[in-house]
Amino acid sequence: MVRALITGVFATLSLAAVTAAQAVTAASGLTQTQPDHAFASKYCRIEYTAEREADARELAADADDSLDRMSSELAPLDPHLMDDFDCTIVQLGSPEPGLASDGQSHTDSWNGGQRFRIFVLARSSTSPSSRTIVKEPKDGDYVHKNIADELSSVLLERVTRAKGRGWHFQNAPDWFVQGIEGYFGLTHSTAHSRDVTLPKYIALVQSHPEQIRVANGIRVENPYIGGLVLVTFLYDVYGSERMNVLLMSPKQTFDQAFSENFGEMDSLRNRYTEWIAAEHLPSPAK
(Lines give C-alpha, C1' and ligand atoms only; values in the text may rest on other atoms or scores of the structure.)
Protein backbone atom coordinates (compact mmCIF):
# COMPACT_ATOMS: atom_id res chain seq x y z
CA MET A 1 0.00 0.00 0.00
CA VAL A 2 1.40 3.36 -1.06
CA ARG A 3 1.52 6.20 1.46
CA ALA A 4 0.81 9.75 0.28
CA LEU A 5 3.68 12.10 1.09
CA ILE A 6 2.64 15.04 -1.06
CA THR A 7 0.73 18.12 0.03
CA GLY A 8 -1.83 20.12 -1.93
CA VAL A 9 -1.61 18.20 -5.20
CA PHE A 10 -2.82 14.84 -6.43
CA ALA A 11 -0.34 12.35 -7.84
CA THR A 12 -1.87 9.96 -10.37
CA LEU A 13 -0.47 6.46 -10.04
CA SER A 14 0.07 4.02 -12.85
CA LEU A 15 -2.19 1.02 -13.30
CA ALA A 16 0.70 -1.24 -12.34
CA ALA A 17 0.93 0.51 -8.99
CA VAL A 18 -2.57 -0.56 -7.97
CA THR A 19 -2.16 -4.27 -8.75
CA ALA A 20 -1.33 -5.31 -5.19
CA ALA A 21 -4.17 -3.26 -3.74
CA GLN A 22 -6.60 -4.74 -6.28
CA ALA A 23 -5.64 -8.20 -5.06
CA VAL A 24 -6.50 -7.16 -1.52
CA THR A 25 -9.78 -5.62 -2.70
CA ALA A 26 -10.68 -8.80 -4.58
CA ALA A 27 -9.98 -10.83 -1.46
CA SER A 28 -12.54 -8.69 0.36
CA GLY A 29 -15.31 -10.23 -1.70
CA LEU A 30 -15.91 -7.62 -4.40
CA THR A 31 -17.75 -9.07 -7.36
CA GLN A 32 -17.99 -6.05 -9.64
CA THR A 33 -16.81 -2.48 -10.28
CA GLN A 34 -13.39 -3.17 -8.81
CA PRO A 35 -11.27 0.01 -8.79
CA ASP A 36 -8.77 0.14 -11.62
CA HIS A 37 -7.33 3.62 -11.03
CA ALA A 38 -5.73 5.35 -8.05
CA PHE A 39 -4.18 8.61 -6.94
CA ALA A 40 -2.68 9.99 -3.74
CA SER A 41 -4.17 12.91 -1.84
CA LYS A 42 -2.56 14.74 1.06
CA TYR A 43 -3.30 11.90 3.48
CA CYS A 44 -4.88 8.98 1.65
CA ARG A 45 -4.68 6.76 -1.37
CA ILE A 46 -7.93 6.85 -3.36
CA GLU A 47 -8.89 3.85 -5.50
CA TYR A 48 -11.76 4.25 -7.95
CA THR A 49 -13.25 3.23 -11.28
CA ALA A 50 -12.47 5.52 -14.23
CA GLU A 51 -16.08 6.58 -14.80
CA ARG A 52 -16.33 7.85 -11.22
CA GLU A 53 -13.17 9.98 -11.16
CA ALA A 54 -15.00 13.25 -10.42
CA ASP A 55 -16.58 11.62 -7.37
CA ALA A 56 -13.18 10.32 -6.27
CA ARG A 57 -11.56 13.77 -6.49
CA GLU A 58 -14.36 15.28 -4.42
CA LEU A 59 -14.09 12.44 -1.91
CA ALA A 60 -10.35 12.97 -1.56
CA ALA A 61 -10.81 16.69 -0.91
CA ASP A 62 -13.46 15.89 1.73
CA ALA A 63 -11.23 13.34 3.45
CA ASP A 64 -8.22 15.67 3.54
CA ASP A 65 -10.34 18.55 4.86
CA SER A 66 -11.80 16.46 7.69
CA LEU A 67 -8.44 14.92 8.56
CA ASP A 68 -6.90 18.40 8.79
CA ARG A 69 -9.63 19.45 11.24
CA MET A 70 -9.74 16.29 13.35
CA SER A 71 -5.98 15.83 13.58
CA SER A 72 -5.61 19.45 14.68
CA GLU A 73 -8.18 18.95 17.45
CA LEU A 74 -6.73 15.64 18.62
CA ALA A 75 -3.03 16.48 18.24
CA PRO A 76 -2.68 17.68 21.88
CA LEU A 77 -3.68 14.17 22.96
CA ASP A 78 -1.15 12.48 20.68
CA PRO A 79 1.55 14.59 18.98
CA HIS A 80 2.41 11.60 16.76
CA LEU A 81 -1.18 10.97 15.70
CA MET A 82 -0.49 11.24 11.97
CA ASP A 83 2.85 9.39 12.00
CA ASP A 84 2.81 6.23 9.87
CA PHE A 85 -0.71 7.11 8.74
CA ASP A 86 -1.50 4.52 6.05
CA CYS A 87 -4.93 5.29 4.61
CA THR A 88 -6.64 3.79 1.57
CA ILE A 89 -10.17 4.77 0.52
CA VAL A 90 -11.81 2.39 -1.95
CA GLN A 91 -14.65 4.10 -3.82
CA LEU A 92 -17.00 1.55 -5.36
CA GLY A 93 -19.03 2.29 -8.48
CA SER A 94 -22.01 0.24 -7.33
CA PRO A 95 -23.22 -1.21 -4.01
CA GLU A 96 -21.45 -4.24 -2.58
CA PRO A 97 -23.19 -6.12 0.29
CA GLY A 98 -21.28 -5.80 3.54
CA LEU A 99 -18.90 -3.17 2.17
CA ALA A 100 -20.63 -0.10 0.77
CA SER A 101 -24.08 1.12 -0.23
CA ASP A 102 -25.91 4.43 -0.04
CA GLY A 103 -26.58 3.66 3.63
CA GLN A 104 -23.38 1.86 4.64
CA SER A 105 -19.60 2.23 4.63
CA HIS A 106 -17.03 -0.21 5.98
CA THR A 107 -13.57 0.16 7.51
CA ASP A 108 -10.86 -2.47 7.90
CA SER A 109 -8.07 -1.53 10.32
CA TRP A 110 -4.77 -3.12 11.33
CA ASN A 111 -2.03 -2.37 13.89
CA GLY A 112 -4.17 -0.19 16.14
CA GLY A 113 -5.30 2.02 13.28
CA GLN A 114 -1.87 2.57 11.71
CA ARG A 115 -3.05 0.92 8.50
CA PHE A 116 -6.63 0.97 7.35
CA ARG A 117 -8.92 0.78 4.32
CA ILE A 118 -12.35 2.38 3.96
CA PHE A 119 -14.98 1.25 1.46
CA VAL A 120 -17.54 3.84 0.31
CA LEU A 121 -20.04 4.15 -2.52
CA ALA A 122 -19.46 6.82 -5.16
CA ARG A 123 -21.72 9.83 -4.73
CA SER A 124 -23.12 9.58 -8.25
CA SER A 125 -24.09 5.95 -7.59
CA THR A 126 -26.40 6.93 -4.74
CA SER A 127 -30.11 6.91 -5.52
CA PRO A 128 -31.47 10.48 -5.87
CA SER A 129 -34.50 9.45 -3.81
CA SER A 130 -32.43 8.05 -0.92
CA ARG A 131 -32.79 9.97 2.36
CA THR A 132 -31.09 9.98 5.74
CA ILE A 133 -32.90 9.21 9.00
CA VAL A 134 -33.56 12.96 9.39
CA LYS A 135 -35.04 13.10 5.88
CA GLU A 136 -32.16 14.88 4.16
CA PRO A 137 -30.86 13.95 0.68
CA LYS A 138 -27.65 11.95 0.47
CA ASP A 139 -25.82 14.74 -1.29
CA GLY A 140 -22.37 16.27 -0.98
CA ASP A 141 -22.90 17.18 2.67
CA TYR A 142 -23.81 13.57 3.43
CA VAL A 143 -20.79 12.19 1.54
CA HIS A 144 -18.43 14.52 3.41
CA LYS A 145 -20.02 13.67 6.76
CA ASN A 146 -19.84 9.95 5.97
CA ILE A 147 -16.11 9.88 5.21
CA ALA A 148 -15.36 12.07 8.26
CA ASP A 149 -17.35 9.62 10.37
CA GLU A 150 -15.26 6.66 9.17
CA LEU A 151 -11.95 8.51 9.53
CA SER A 152 -12.76 9.62 13.08
CA SER A 153 -13.05 5.98 14.17
CA VAL A 154 -9.46 5.34 13.16
CA LEU A 155 -8.11 8.52 14.78
CA LEU A 156 -9.92 7.91 18.05
CA GLU A 157 -8.63 4.35 18.22
CA ARG A 158 -5.09 5.60 17.60
CA VAL A 159 -5.43 8.23 20.34
CA THR A 160 -6.65 5.78 22.98
CA ARG A 161 -3.98 3.23 22.11
CA ALA A 162 -1.14 5.76 22.14
CA LYS A 163 -1.73 6.73 25.79
CA GLY A 164 0.03 3.56 26.97
CA ARG A 165 -2.56 2.15 29.37
CA GLY A 166 -6.28 2.39 29.83
CA TRP A 167 -9.41 1.59 27.84
CA HIS A 168 -9.39 1.54 24.03
CA PHE A 169 -11.95 3.22 21.82
CA GLN A 170 -13.32 0.09 20.13
CA ASN A 171 -13.95 -1.47 23.57
CA ALA A 172 -16.33 1.32 24.59
CA PRO A 173 -20.10 0.70 24.50
CA ASP A 174 -21.77 1.00 21.13
CA TRP A 175 -23.65 4.18 22.04
CA PHE A 176 -20.33 5.96 22.63
CA VAL A 177 -18.48 4.52 19.63
CA GLN A 178 -21.25 5.27 17.13
CA GLY A 179 -22.20 8.47 18.93
CA ILE A 180 -18.80 10.14 18.88
CA GLU A 181 -18.11 8.95 15.32
CA GLY A 182 -21.38 10.55 14.24
CA TYR A 183 -20.62 13.70 16.22
CA PHE A 184 -17.16 14.06 14.67
CA GLY A 185 -18.63 13.36 11.24
CA LEU A 186 -21.20 16.14 11.57
CA THR A 187 -18.93 18.70 13.25
CA HIS A 188 -15.82 18.12 11.12
CA SER A 189 -17.33 18.15 7.64
CA THR A 190 -19.64 20.92 6.37
CA ALA A 191 -21.40 23.89 7.92
CA HIS A 192 -24.74 22.40 6.87
CA SER A 193 -24.03 19.16 8.73
CA ARG A 194 -22.99 21.03 11.85
CA ASP A 195 -25.60 23.80 11.89
CA VAL A 196 -28.62 22.17 10.24
CA THR A 197 -28.35 18.38 10.38
CA LEU A 198 -27.10 18.01 13.97
CA PRO A 199 -30.03 19.96 15.49
CA LYS A 200 -32.39 17.71 13.52
CA TYR A 201 -31.01 14.69 15.37
CA ILE A 202 -31.57 16.46 18.67
CA ALA A 203 -35.16 17.26 17.63
CA LEU A 204 -35.68 13.61 16.74
CA VAL A 205 -34.70 12.53 20.26
CA GLN A 206 -36.82 15.30 21.77
CA SER A 207 -39.83 13.76 20.01
CA HIS A 208 -38.72 10.23 20.95
CA PRO A 209 -37.33 10.55 24.50
CA GLU A 210 -37.20 6.77 24.86
CA GLN A 211 -34.05 6.89 22.72
CA ILE A 212 -31.97 7.85 25.78
CA ARG A 213 -32.47 6.78 29.39
CA VAL A 214 -30.08 7.92 32.10
CA ALA A 215 -30.84 6.17 35.39
CA ASN A 216 -28.81 3.31 36.87
CA GLY A 217 -26.47 3.52 33.94
CA ILE A 218 -27.03 4.69 30.36
CA ARG A 219 -29.39 2.96 27.94
CA VAL A 220 -29.59 4.04 24.32
CA GLU A 221 -32.13 2.52 21.95
CA ASN A 222 -30.38 3.35 18.66
CA PRO A 223 -26.66 4.26 18.99
CA TYR A 224 -26.69 6.08 15.65
CA ILE A 225 -29.40 8.44 16.93
CA GLY A 226 -29.39 8.40 20.73
CA GLY A 227 -25.64 7.87 20.92
CA LEU A 228 -24.98 10.84 18.66
CA VAL A 229 -27.27 13.10 20.68
CA LEU A 230 -25.89 11.93 24.03
CA VAL A 231 -22.31 12.61 22.89
CA THR A 232 -23.44 16.03 21.60
CA PHE A 233 -24.85 16.73 25.08
CA LEU A 234 -21.54 15.75 26.70
CA TYR A 235 -19.57 18.08 24.43
CA ASP A 236 -22.08 20.92 24.79
CA VAL A 237 -22.44 20.77 28.56
CA TYR A 238 -19.08 19.45 29.80
CA GLY A 239 -16.82 20.71 27.00
CA SER A 240 -14.08 19.23 24.84
CA GLU A 241 -11.47 19.34 27.62
CA ARG A 242 -13.60 17.10 29.82
CA MET A 243 -14.17 14.74 26.87
CA ASN A 244 -10.44 14.64 26.22
CA VAL A 245 -9.89 13.62 29.85
CA LEU A 246 -12.28 10.72 29.23
CA LEU A 247 -10.41 9.66 26.10
CA MET A 248 -7.06 9.79 27.87
CA SER A 249 -8.17 8.08 31.07
CA PRO A 250 -5.84 5.30 32.28
CA LYS A 251 -8.82 3.39 33.71
CA GLN A 252 -9.05 -0.12 32.29
CA THR A 253 -12.69 0.09 31.22
CA PHE A 254 -14.80 2.81 29.64
CA ASP A 255 -17.39 2.56 32.42
CA GLN A 256 -14.75 3.20 35.08
CA ALA A 257 -13.37 6.16 33.13
CA PHE A 258 -16.83 7.60 32.48
CA SER A 259 -17.89 7.33 36.12
CA GLU A 260 -14.69 8.98 37.36
CA ASN A 261 -14.98 11.79 34.82
CA PHE A 262 -18.69 12.64 35.02
CA GLY A 263 -19.55 11.67 38.59
CA GLU A 264 -22.90 10.59 39.97
CA MET A 265 -25.50 9.42 37.48
CA ASP A 266 -28.20 11.53 39.18
CA SER A 267 -26.28 14.72 38.38
CA LEU A 268 -25.71 13.61 34.79
CA ARG A 269 -29.40 12.79 34.37
CA ASN A 270 -30.49 16.18 35.72
CA ARG A 271 -28.16 18.06 33.40
CA TYR A 272 -29.23 15.95 30.42
CA THR A 273 -32.92 16.46 31.21
CA GLU A 274 -32.39 20.23 31.28
CA TRP A 275 -30.34 20.22 28.08
CA ILE A 276 -32.66 18.05 25.97
CA ALA A 277 -35.66 20.20 26.99
CA ALA A 278 -34.03 23.36 25.62
CA GLU A 279 -34.36 24.61 22.05
CA HIS A 280 -31.62 23.57 19.63
CA LEU A 281 -32.77 25.33 16.50
CA PRO A 282 -31.15 24.54 13.17
CA SER A 283 -29.95 27.29 10.89
CA PRO A 284 -32.25 28.01 7.91
CA ALA A 285 -32.36 24.86 5.78
CA LYS A 286 -30.78 25.03 2.38
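With a relative accessibility of 0%, Val159 counts as buried. In this predicted model, Val159 is found in helix α3. Residues up to four places away in sequence set aside, Val159 touches Leu74, Leu77, Asp78, Leu81 and Met248. One of these partners, Leu74, lies 85 residues from Val159 along the chain, yet the two C-alpha atoms are separated by 7.7 Å.

## Overall composition

The protein chain has nine helices and eight strands. Buried residues account for 50% of its 286 residues. The accessible surface comes to about 12800 Å², and carbon and sulfur atoms hold 50% of that area.

Of the contacts between residues at least 6 apart in sequence, 69% join residues at least 24 apart. The pair Val159 and Leu74, 85 residues apart along the chain, is in contact.

Helix α3 comprises residues 140-162 and includes Ser152. Ser152 is buried, its relative accessible area being 1%. Apart from neighbours within four places in sequence, Ser152 is in contact with Met70, Glu181 and Phe184. Glu181 and Phe184 belong to α4 and take part in the meeting of α3 with α4.

Two packed helices are described by the angle between their axes and the distance between the axes. For α3 and α4, the angle is about 130° and the axes are 7 Å apart. The two helices are therefore oblique to each other, and α3 passes α4 in a right-handed crossing. On the α3 side, the residues involved are Lys145, Ala148, Asp149, Ser152, Ser153 and Leu156. These meet Ile180, Glu181, Gly182, Phe184, Gly185 and Leu186 in α4.

## The loop between α2 and β4

Met82 is placed in the loop between α2 and β4. Its relative accessible area is 21%, and Met82 is accordingly classed as partly exposed; the cut-off for a buried residue is under 20%. Beyond its neighbours within four places in sequence, Met82 is in contact with Tyr43, Leu67, Ser71, Leu155 and Arg158. Met82 and Arg158 are 76 residues apart in sequence and 9.2 Å apart in space, C-alpha to C-alpha.

Asp84 also has its place in the loop between α2 (53-74) and β4 (86-92). At 47% relative accessibility, Asp84 counts as partly exposed. The phi angle of Asp84 is near 55°, a positive value in a residue other than glycine.

Lys135 is placed in the loop between β6 (115-121) and α3. With a relative accessible area of 67%, Lys135 is exposed.

Which residues of helix α8 (residues 254-262) are buried? They are Phe254, Ala257, Phe258, Asn261 and Phe262. These residues cover an arc of only 100° around the axis, which puts them on the same side of α8. An α-helix has 3.6 residues a turn, so residues three or four places apart point the same way. On the other side of α8, Asp255 and Glu260 are exposed.

The buried residues of α8 pack against several elements: helices α4 (174-187), α6 (223-238), α7 (240-247) and α9 (265-277), together with strand β8 (217-220). Following α8 is Gly263, whose phi is positive, near 75°.

## The α5 and α9 pair

Helix α5 (residues 191-207) packs with α9 at an angle of about 110°, and their axes are 10 Å apart. The two helices are therefore roughly perpendicular to each other. In this pair, α5 passes α9 in a left-handed crossing. Ile202, Val205 and Gln206 of α5 make the contact with Tyr272, Trp275, Ile276 and Ala277 of α9.

For the two helix pairs, the crossing of α5 and α9 is left-handed, whereas that of α3 and α4 is right-handed.

Key. Residues are numbered from 1 along each chain as its sequence is written. This is a predicted model: local features need pLDDT of at least 70, side-chain atom pairs count only at pLDDT 80 or more; totals for chains, interfaces and linings use all residues. Side-chain values use heavy atoms; hydrogens and water are left out. Helices (H or I, at least four residues) and strands (E, at least two) are DSSP runs, numbered from the N terminus. Buried means under 20% relative accessible area, exposed over 50%, partly exposed in between (1.4 Å probe, protein chains only). Contact means heavy atoms within 4.5 Å. Accessible areas come from the Shrake-Rupley method with a 1.4 Å probe; for residues, only the protein chains shown count as cover. The arc is that of the directions from the helix axis to the C-beta atoms. Axes are lines fitted to C-alpha atoms, for helices over the stretch in contact, and angles run from 0 to 180 degrees between N-to-C directions. Angles under 35 degrees count as roughly parallel, over 145 as roughly antiparallel, 65 to 115 as roughly perpendicular and the rest as oblique. A crossing is left-handed if the near helix is turned anticlockwise from the far one by less than a right angle, and right-handed if clockwise.
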